[in-house]
Amino acid sequence: MAGILADWTEEERAAFGSRPLRLGHSLSGSPLFGDDALEQLIDATPRDRVQVGTMHRTARDPGSWREGDLGSLGGWAVLDAVRRGFIWVHLRRVHETDARYRALMQGIFAEWERRLPGLRTYRHSMSVLVSSPGMNVAYHVDVPGQSLWQVRGEKRVWIYPPRPPFLPQAALEDIILKRAADTALAYEDGFDDHAACLDLAPGTMATWPLNAPHRVVNGDGLSVSFTLEHWTDALRAAYAVNYANGLIRRATGRDAVLSQASRGPGAWAKLVLAGLHKLLAPPPPHPARSSFRVDPAAAEGIRDTAPGARAV
């Protein structure tokens, strides 16, 4: 599929993956992201692939982020609750649910690689995000290579440097080892002085360096966007080194900075350590964290289900 990406300048090509970029695309009118298609997609997506979140309306602290669930609601009711409430709905791996989204994802990556000779990506994944007017998304970090595509509504994205104090090394390691949620980062207001702030409208998308923390605030209308994840050999090597560093830190109790170099004998040893651990160690448990259920009839579109749950 051709013609999805807007023309890139030579400067944008050179900066891809090394700094935050806002680029154009042609998907703002795609029927795949209209109400009818979204209702069908919500109904078709297995519930274990749906993440639902909310947080205090004015908060930036990731500690106010809460997880919930859709219960047995159908697509129409979910969209109604999102429009009138304060909810973020994340439909994971939609390329495995509907072949139309898989074709779109494959077309984008094919065009991407044509634009950037030498780029080879794999382990692609696509997720769709539907969120309420004004909704915050907590300060967090993503592990794979990531891009965010705005299709309906508007949002502002703050993207922070992927280094301490914005991203402590031990915190990234715990997230990669799945011992902590991707929101397990400390946020301070002063961080914004060092962030790139990108405004996304329909027909724009953002990319940023690997593991760059970011947070999002929606505009006044319903927001529909999607994310693409990918890996390259370089990204996988960086992941494996951080994975191994986390194992070493936990085994030794070291609080020092560990090398994140992904080349050389030390890096090769870490790649082996990470590979063996992933092969032999059982995956960490994923405890249920749901504290609310989406309810179109409730204030903010949610009804608390856990004792002591915090209101938005």
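## His140 and its surroundings

His140 touches Asp182, Thr183, Leu185, Ala212, Pro213 and His214, leaving aside residues up to four places away in sequence. Contact here means heavy atoms within 4.5 Å. His140 belongs to strand 6 (residues 136–140). Its relative accessibility is 10%, so His140 counts as buried. Buried means under 20% relative accessible area, exposed over 50%, and partly exposed in between (1.4 Å probe, protein chains only).

A polar atom of the His140 side chain lies 2.7 Å from the backbone oxygen of Ala138.

## Basis of the model

This is a predicted model: local features need pLDDT of at least 70, side-chain atom pairs count only at pLDDT 80 or more, and totals for chains, interfaces and linings use all residues. Residues are numbered from 1 along each chain as its sequence is written, and side-chain values use heavy atoms, with hydrogens and water left out. Helices (H or I, at least four residues) and strands (E, at least two) are DSSP runs, numbered from the N terminus.

## Helix 3

Helix 3 spans residues 75–84, and its buried residues are Gly75, Ala77, Val78, Leu79, Ala81 and Val82. Their cover includes helix 2 (35–44) and strand 4 (88–91). Strand 5 (122–131) and strand 13 (290–294) also contribute.

## Aromatic pairs

The whole structure holds 16 aromatic pairs. Rings of Phe, Tyr and Trp (its six-membered ring) pair if their centres lie within 6.5 Å; planes under 30 degrees apart count as stacked, over 60 as edge-to-face and the rest as tilted. Phe166 and Phe191 pair edge-to-face, at 4.9 Å centre to centre with 70° between the planes. Phe166 lies in the loop between strand 8 (155–159) and helix 5 (169–176), and Phe191 in the loop between helix 5 and strand 9 (196–200), so the pair ties together parts that are 25 residues apart in sequence. Both Phe166 and Phe191 are buried.

Tyr239 and Tyr243 form a tilted pair: 5.9 Å between centres, 50° between planes. Both sit in helix 6 (residues 233–252), four residues apart, about one turn of the helix. Tyr239 and Tyr243 are both buried.

## Cluster and charges over rings

One aromatic cluster is made up of Trp8, Phe16, Phe33, Tyr101, Phe109, Trp112, Trp149 and Phe226.

Two arginines sit over tryptophan rings. Arg215 lies over the face of Trp158, 3.9 Å from the ring centre. The charged end of Arg236 is over the ring of Trp231, at 5.1 Å from its centre. The criterion is NZ of Lys or CZ of Arg within 6 Å of the ring centre and within 35 degrees of the ring normal.

Technical notes. Polar contact = N/O pair within 3.5 Å; in protein donor to acceptor, adjacent residues only side chain to side chain.
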